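Work through the following exercises with the sequence and the model at hand. Each task is followed by its solution in steps.

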Amino acid sequence: MGKDKNTLLSAFNTAASIGFYLVSSVAAGILLGRFVDGYFSIAPWGTVWGIVLGMIAGMWSIYKKVAGGK
Amino acid sequence: MEHGHEIGSHSLAHFAGLTFNMDTLIMTWITMAIVIVLAIAATRRMELRPRGWQNFLEIAVMYLLEQMETNMGSKGQKLAPLIITLFLFLVVGNELGLIPGFTSPTNDINTTLGLALMIIVIVHVLAIKNKGFTKYIKHYFEPYIPFVVINIIEEVAKPITLSFRLFGNILAGEILLLVLGMLVPYFVPTLWLAFSVFVGIVQAFIFTMLSISYLSNSMQDGH
């Protein structure tokens with residue numbers, strides 16, 4: 001298997017997963033936010049901050065994926 | 001809605017306070033049986049010039065081994081049986097739903113989430129084992145201490161990404177196949193069927209590749 005083919009497949013893999021990083025990070029943020037809301041009874045601030053942090057986390061993981069290779 | 005084809009709903013069985021999706025369970029067993037039969041058929045009469053099943057499996061195994069070597073180095077060889085079995089299970093499972101009368105075990109979120117959680121648990125256990133507990137905890141606070149929240153969200157997002165992508169793709173493929181079969185029978189569903197075969201292989205591949213990439217991060221000694 002040539003190196004080009006490997007690069008192509010891993011590029012395909014990255015492209016196919018980038019959208020999911022954004023969505024799933026926000027989903028994870030909401031999940032954790034709701035848990036924090038329930039635990040500390042501070043609704044809706046946990047969810048709100050969860051969404052914001054989830055968005056940042058999504059961006060951060062894409063940045064790591066694109067810039068760092070890992 | 002009890003009769004006819006239904007995708008996304010399951011026949012339930014209750015046992016010891018737990019609910020089982022029986023169709024998923026049976027299809028998982030069938031998939032496991034097919035994988036075992038495939039592996040035996042491919043390795044029973046091995047030849048230097050591979051033919052038939054041996055050829056097919058050798059391509060898959062060689063490719064995965066190569067990917068593991070590139071991503072994890074020689075340390076990754078220990079995980080080869082896990083990764084190869086995972087890939088075969090996913091390929092067979094994804095394609096099983098395309099046969100009339102069968103459904104994919106992977107069209108149930110329980111299966112995909114279970115597989116994803118298995119990978120994530122192994123990732124964390126290996127990370128603690130390879131890096132040591134202190135370094136493992138420390139990597140959550142990198143590059144700066146406030147990043148701990150973001151890093152935790154990222155870790156929680158990992159199984160969600162892995163499981164929902166596979167589940168969504170397979171379930172949507174099967175639903176669309178059914179809907180197209182009702183709306184425009186014969187020609188269009190056949191085209192979609194062919195595309196679904198491709199999607200099934202690609203999704204199994206992506207799940208396996210992402211697992212390799214998560215595992216490779218935890219195999220490194222330092223961060």
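**Exercise 1.** Determine which elements the buried residues of H1(B) pack against.

Solution. Start with the helix: H1 of chain B covers residues 22-44, where helices (H or I, at least four residues) and strands (E, at least two) are DSSP runs numbered from the N terminus. Next, list its buried residues, which are B:Thr24, B:Met27, B:Thr28 and B:Thr31. A residue is buried if 20 or more other C-beta atoms, placed from the backbone, lie within 10 Å of its own, exposed if 12 or fewer, and partly exposed in between. Finally, look at their partners: these buried residues pack against strand E2 (18-21), helix H3 (80-96) and helix H4 (109-131) of chain B. Contact here requires C-beta atoms, placed from the backbone, within 7 Å.

The model is predicted: local features need pLDDT of at least 70, side-chain atom pairs count only at pLDDT 80 or more, and totals for chains, interfaces and linings use all residues. Residues are numbered from 1 along each chain as its sequence is written, while chains are lettered from A and ligands numbered from 1 in the order in which they are written.

**Exercise 2.** Describe how H2(B) and H3(B) pack.

Solution. First, the geometry: helix H2 (residues 52-72) of chain B and H3(B) pack at an angle of about 130°, with axes 10 Å apart. Axes are lines fitted to C-alpha atoms, for helices over the stretch in contact, and angles run from 0 to 180 degrees between N-to-C directions. H2(B) is therefore oblique to H3(B); angles under 35 degrees count as roughly parallel, over 145 as roughly antiparallel, 65 to 115 as roughly perpendicular and the rest as oblique.

Second, the residues: H2(B) contributes B:Ala60, B:Val61, B:Leu64, B:Leu65 and B:Met68, and H3(B) contributes B:Ala80, B:Ile83, B:Ile84 and B:Phe87. By class there are 9 nonpolar, no polar and no charged residues. Ala, Val, Leu, Ile, Met, Phe, Trp, Tyr, Cys and Pro count as nonpolar, Asp, Glu, Lys and Arg as charged, and the others, Gly among them, as polar.

**Exercise 3.** Is B:Glu174 buried or exposed?

Solution. Locate B:Glu174 in helix H6 (residues 147-183) of chain B. B:Glu174 has 21 other C-beta atoms within 10 Å, so this residue is buried. B:Ser104 lies 70 residues from B:Glu174 in sequence, but 8.6 Å away in space, C-alpha to C-alpha.

Note on methods: The expected span of a helix is 1.5 Å times one less than its number of residues. Two residues are in contact if their C-beta atoms, placed from the backbone, lie within 7 Å.
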